[in-house]
Each structure stands twice: as structure tokens, then as C-alpha cells.
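This report walks through one protein chain, part by part. Keep the sequence and the model side by side as you read.

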Amino acid sequence: MTNVFGGVDTKKYIIETTGTGIAIFDYDNDGWPDIFIVNGTTLEGFAADQAPTNHLYHNNHDGTFTDVTEKAGLVATGWGQGVCVGDYDNDGWEDLYVTYYGKNRLYHNNHGVFTETAEKAGLAGSGKAWSTGCAFVDFNRDGHLDLFVANYVDFNLSTALVPGEGTSCTWKGVPVMCGPRGLRGSKNILYENRGDGTFADVTTKAHIDRTNGHFAFSVSTLDFDDDGWPDVYVACDSVPSILYHNNRDGTFTDVAVMAGVAFNEDGREQAGMGTTVADYNGDGRLDIFKTNFSDDTPTLYRNDGDGVFSDVTYSAGLGHHTQYLGWGTMFLDFDKDGWPDLILANGHVYPEVDKYHLGSTYKEQRLLYHNNGDGTFSDISAGAGPGINATSSARGLAVGDLWNDGQLSVVINNVYATPSLLVNSIHSGNHWIAFKTIGTRSNRDGIGAKISVKNGDRILVDEVRSGSSYISQNDMRVHFGLGAATKTGPVQVRWPSGLTERFDNLSVDAIHTLKEGSGVIVSTTPKKP
């Protein structure tokens, strides 16, 4: 397939620039991750029989994939944007939510065939909004997955300015599409799962609208203060980003400024695009990484505890490249040494950068950073092979163990090009362990569960999450590199229900299914504060 999104040689309006996301998930429960790719359209549109569609590719278990879009009931066209996955009705089959400029779509999974149910479920939206990132999250810990949806700008084609027409319609002296500055922002939405297949819009009730952040893109959930309640980080374009702290009473407070994740270390707002979460420095706390616009660096926020983060981009070795415009990004331990590395997908929004030689190129290479294990990263892109050094105007990026062998692969969506499948050929000799969680009292996916692995004198931590990267969905199974270790200590899971349990004697180099209630109980904490 070729990703279609707006004009090829010029972008008249901002709607033509954002591109689309990717999801890696097992839609047919055969144990092998499949790939779903969101597609877009153009201003001119298409004849009905020629319109571009989203695509679902079935994993054939042999290194190949088969397009099963039509068979699975997922043919759809429009200004597709982001995607996230979650089993919202706890029936054991992963459901799919796709955001649009227009009405969003919820696909209920009926044993590998999907039915579009967004209107019935109350998740379609007004049809006038421009939704981007999303994530399923059980914010009230009632065992039913809720849904957070980020919205970008309040955009109307009939009144939109053309390049060069307004103050936000030039870049480095060249007329370009207008925005997002100068356009009206749109509020993010939180839907509460009623438990009967329908959702209620609780945006106002939950105080999601009480923020100065807007122009929102990616959504990453994380329990940044480790209180057992999921919080939400949202990357915002050209304005301060948002960190919604879960108040444990059904409401949230945007604490991004106080927590140090609204701006960079200079106190300047950035044009945030993608986000990813991991404990990069091994201190047991989850950190945040964010990609930004060109002529800027990405941002690494180190979690210092007590609800405060520090911008350590430069000291970590991540501030060298300012020419790239970053989108999809993920922490992934590609060499399985126990330290999360970083991959970034890049690509400009203005095709004009090539014509006018504005210091960037429209198609850009990817970046791969190796985690040195001492709080710093090394740029190893130059020697990382054609998958990293190939250029494209990339957007969505997702990571997954596509062949269940511990080798994490990467799928990237490229504007007006075929997708990229980056196969990990690094055979380090290191070991690994991965986990699929099944909730019983918690939501069936175990989204929000915190997993801790004892590995020598270290504790490796991560969470099960929906969404993240740039408006994309990664393989939800949690993967840890173990280095040279041939066995692990106890694996501990803190479930959203409040139950913490221990699983012992788990083999390395294997994917384990952890079912809530089948381990050794460590503690049980009430859901209410």
C-alpha cells in the first residue's frame, strides 16, 4: 500500500501535513502480532472505487503478511489520523479505535471480523473535530477500559487561510500552510466506559478541559508518581504540553508546568509530536521522551521522583540534531542489554524546504540511539543499516515482536510511500523476557499494570499501555532485555484492581502469559484513596 495524505508537492492546508499512525496487535488471537496501517485522503477526493483505505495485514508466521482488510471488515476512507487498541468489552478480543478529521470509528472485534460501532457506543464524536492520538486507559480502575482522545485544531476548510495569507502562514520567509499558531485549539475528550458497550463523555466532569494546553497529538499513559492510578501525558504542538495527574476521584489536574514537562529547560514551549515512556536510567521511575519540530531538539524528561522531572536532553547526548522534524518514537531495547534504547522517525511538513533550501529536507532519515547504561545515549544511526539511513517523510511508528523471538521490529508509516518494516538483525547473545497480561478483576488487557522484573541487582520496570509513539499503537506485550542473565528473580505485577502478586521461576527467552489471580499474592490495596 501507499500512504496517501494531502498534496504531493505542496501542502495548501494544515490538514494535509499530519500523516497517520500504525497499530501492531493480534487481531485474530493466533498469538502472532498483525499490522494495521491508517490511511488518509486528499482535498480533491476520489471516486468511490478508487479511494484509499486503511489496511490490516495478517501475520503469516513465516516473515510475510497478507492483506486481509476487506475480509476483516476494515475498508474505510477519509482523513484518517491515529489508532489505539483495547478490549473495551473484556471479551478477550482486541478492539480498534481509529481517529479522523471527521467522525472517529470504533471497530468491535467479533473473533477476527470487525463491526464499526462508534455511533452506537457514543465514541464517533461530532464529526467536526480533528482527533489525533488516543489511548484506552482504565482511569477509574473499575475494570472497564475508558478512552482518552486528543484533538488538534478547530479546522474548517471553508474558512481556512491559504499559504502566505496570515502571520502564521510563512516559514523562514516562504509562504507555507497556516498553523497551528493562529488557529483555534480544540479540547481533548475523555470517555468513561459504562460497562454495557457504551461510553459517556466525562471531559468536563473529569476536568480534562481545564488546561492551557491544546493542539494535541500523541497520548502516553504512565503512573508517573507511582500511586497506582494512571496519569496521561499529551504532546502539544507549539504550546505547553499537558500532564494530567489522576486525582483518584474521577478528576484530573494538569500539573505539567509544576512537574517540569510543559516546556524545555529554557522555559520555552516546543512543537511536540510523539512521546514514549520508559525507565531509561534504571532508577525505577518512568521517564518521558518527546519529539519536536525542526530547528529544535527532542526532549528527554528524567523523572526525579516527588512528581518532578528534569530536562536532561543535552546531558544525555540527545541534543545534537536540530535539523530533523521528529514524529513517531519509541524506547526499545533492541540489543536486549537491559537498557531501553531510542528510535525516532523524521520527516518535514513543508515540501517547500527542498525547493528553497531552508536547512532541512522533506524526506529525512531515522535516528537510532543506543543507551549506554549510564544516563547517556550514543547516536549509532550511521552504522545501523539501510532501515535507519533510508529517507522518507515519516509519521507513525510502532514497535513489536513480530515473530515472537524477542527481536523487536519497527513499522513506520511514510507519506506518499510504502510503509517501512525495520527488521532487527542484531544478534547480541543477550537474553530477554516478555509478558502478556490478562486481567480478571482488572480490565482484560491488563492495561495500566506495572511489571517489575528482578534482574541481578537491578529492578526493571514498565507498564502495559495503549497508544503512545506518534498517534500509534505498539505491541502491548511488555518486553525486557536481560543482558547476560540466564534466569530472572521474581516478577511482580501490580494490577489496576489493586492486587500485587509475584510470579516465580519464569524462564528467559520466552513470552509468558500472566493471569491476574494466578500468582502469589504480595499485597492488596483498595481502589479508593
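## Terms and model

A salt bridge here is a side-chain nitrogen of Lys or Arg within 4 Å of a carboxyl oxygen of Asp or Glu. By this rule the count comes to 15 salt bridges. Asp 223, Asp 226, Lys 450 and Arg 494 are linked in a network of them.

The model is predicted: local features need pLDDT of at least 70, side-chain atom pairs count only at pLDDT 80 or more, and totals for chains, interfaces and linings use all residues. Residues are numbered from 1 along each chain as its sequence is written, and side-chain values use heavy atoms, with hydrogens and water left out.

## Two domains

The chain splits into domain 1 (14-432) and domain 2 (433-525). These bounds come from an automatic or database domain assignment. The C-alpha centres of the two domains lie 23 Å apart.

How many residues of each domain are in contact with the other? Domain 1 brings 69 residues and domain 2 brings 44. Contact means heavy atoms within 4.5 Å.

## The interface

The size of an interface is often given as the accessible area lost when the parts come together. Buried area is that loss for two parts (1.4 Å probe), summed over both. Between domain 1 and domain 2 it is about 4,000 Å². Carbon and sulfur atoms give 48% of this area. Arg 141, His 431 and Trp 432 supply 20% of the area that domain 1 buries against domain 2, more than any other three residues.

The rule finds three salt bridges across this interface. Asp 226 and Arg 494 also meet through their side chains in a salt bridge, at 3.0 Å from N to O. By class, the side of domain 1 that touches domain 2 has 26 nonpolar, 31 polar and twelve charged residues. Here Ala, Val, Leu, Ile, Met, Phe, Trp, Tyr, Cys and Pro count as nonpolar, Asp, Glu, Lys and Arg as charged, and the others, Gly among them, as polar.

## Leu 402 and Ser 409

Leu 402 is found in the loop between S29 and strand S30 (409-414). Helices (H or I, at least four residues) and strands (E, at least two) are DSSP runs, numbered from the N terminus. Is Leu 402 buried or exposed? Leu 402 counts as buried because its relative accessibility is 0%. Buried means under 20% relative accessible area, exposed over 50%, and partly exposed in between (1.4 Å probe, protein chains only).

Ser 409 sits in strand S30. Ser 409 is buried too, at 1% relative accessibility.

## Ser 420

Strand S31 (residues 420-422) holds Ser 420. Ser 420 counts as buried, at 16% relative accessibility. Its side chain makes a polar contact with the side chain of Asn 414 (2.8 Å). Not counting residues up to four places away, Ser 420 touches Arg 366, Val 410, Val 411, Ile 412 and Asn 414.

## Asn 292 and its loop

Asn 292 lies in the loop between strand S20 (287-290) and strand S21 (299-303). Its relative accessible area is 3%, so Asn 292 is buried. A polar atom of the Asn 292 side chain lies 2.9 Å from the backbone oxygen of Thr 297.

The loop between S20 and S21 also holds Asp 296. Asp 296 forms a salt bridge with Arg 268, the closest N and O atoms being 3.3 Å apart. Arg 268 lies in the loop between helix H3 (256-259) and S19, so the pair ties together parts that are 28 residues apart in sequence. Arg 268 is partly exposed, at 37%, whereas Asp 296 is buried, at 9%.

Asp 283 pairs with Arg 285 in a salt bridge at 3.2 Å. Asp 283 is partly exposed, at 30%, and Arg 285 is partly exposed, at 32%.

Arg 465 pairs with Asp 462 in a salt bridge at 3.1 Å. Arg 465 is buried, at 11%, and Asp 462 is buried, at 17%.

Note on methods:
Polar contact = N/O pair within 3.5 Å; in protein donor to acceptor, adjacent residues only side chain to side chain.
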